[in-house]
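Hi there,

Here is the structure I promised to pass on. Have a look at it first, and my notes follow below.

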Amino acid sequence: MIHPVQKLILREAQLLDDMQLDDWLALYTDDATYWVPIDETADPLKESSIIYDNRLRLAMRVEQIMRQNRVAQNPGSNTLRMVSNIDIEDIDAQTASARFALLLTEVRSGDWRQKGLGETRLFPGHCKLVCKKVGDTWKIQQKTIVLLSRKQPIVGLSFLL
């Protein structure tokens with residue numbers, strides 16, 4: 001039997017790969033945070049992060065990607081997320097935490113005249129979630145993505161991890 005949080009993790013990856021970002025955003029609670037740290041032991045409110053968003057900022061990112069003409073995503077990225085090593089711990093009946101490995105592959109169409117286009121880029125990392133049961137549905141309350149390359153320059157990160 002698959003834990004509902006495991007289904008949530010797999011559903012989120014599928015929605016991101018399929019660019020169904022409105023549905024993806026609905027997986028998050030109203031008080032959700034989304035953090036891609038440089039230093040995962042730092043306080044994201046006091047130290048720099050690659051990304052530290054609340055749900056409102058996530059909604060703004062979705063709006064920009066889905067409904068605004070952005071040079072940084074023209075052509076858009078094609079992505080594939082591979083999720084493995086899922087470990088889920090029930091904290092109580094309404095809360096669970098999860099940790100899993102992620103390998104995100106990104107490809108943008110292009111040719112040799114467009115720097116960075118036509119290349120395959122890999123973003124390996126570990127993810128941590130805190131999930132909350134809202135009614136009968138599990139939602140993501142906190143997501144942390146710790147990229148293995150977090151201390152290297154990350155160029156052209158114009159899509160959702």
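**What I found**

The accessible surface of the chain comes to about 9400 Å², and 50% of that belongs to carbon and sulfur atoms. Accessible areas come from the Shrake-Rupley method with a 1.4 Å probe, and for residues only the protein chains shown count as cover.

Before you go further: this is a predicted model, so local features need pLDDT of at least 70 and side-chain atom pairs count only at pLDDT 80 or more, while totals for chains, interfaces and linings use all residues. Residues are numbered from 1 along each chain as its sequence is written, and side-chain values use heavy atoms, with hydrogens and water left out.

**The overall picture**

You'll find three helices and six strands in the chain, in the order α-α-β-β-α-β-β-β-β from the N terminus. Helices (H or I, at least four residues) and strands (E, at least two) are DSSP runs, numbered from the N terminus.

The C-alpha trace spans about 55 × 30 × 30 Å along its principal axes. With 161 residues, a compact globule would have a radius of gyration near 15 Å, and the chain's 16 Å agrees with that. That radius is taken over C-alpha atoms, and the globule rule is 2.2 Å times the number of residues to the power 0.38.

Buried residues make up 36% of the 161. Here buried means under 20% relative accessible area, exposed over 50%, and partly exposed in between (1.4 Å probe, protein chains only). Of the contacts with a separation of 6 or more, 57% are between residues 24 or more positions apart; a contact means heavy atoms within 4.5 Å.

**Aromatics**

How many aromatic pairs does a search of the whole structure find? It finds four. As for the rules, rings of Phe, Tyr and Trp (its six-membered ring) pair if their centres lie within 6.5 Å; planes under 30 degrees apart count as stacked, over 60 as edge-to-face and the rest as tilted.

Trp24 is buried at 0% relative accessible area, and Tyr34 is buried at 1%. Trp24, Tyr28 and Tyr34 form one aromatic cluster.

Most residues other than glycine have a negative phi. Met19 isn't a glycine, yet its phi is positive, about 55°. You'll see Met19 in the loop between α1 (4–17) and α2, partly exposed at 33% relative accessible area. Asn85 also has a positive phi, near 55°. Asn85 is in strand β3 (residues 77–92) and counts as exposed at 65% relative accessibility.

Ile51 is in strand β2 (residues 49–54) and counts as buried at 8% relative accessibility. Leaving aside neighbours within four places in sequence, Ile51 is in contact with Tyr34, Trp35, Val36, Arg61 and Leu157.

Thr105 is in strand β4 (residues 95–108) and is buried too, at 18% relative accessibility. With neighbours within four places in sequence left out again, Thr105 is in contact with Asn78, Thr79, Leu80, Thr120, Arg121 and Leu122. The C-alpha atoms of Thr120 and Ile51 are separated by 22 Å, and these two are 69 residues apart along the chain.

Cheers
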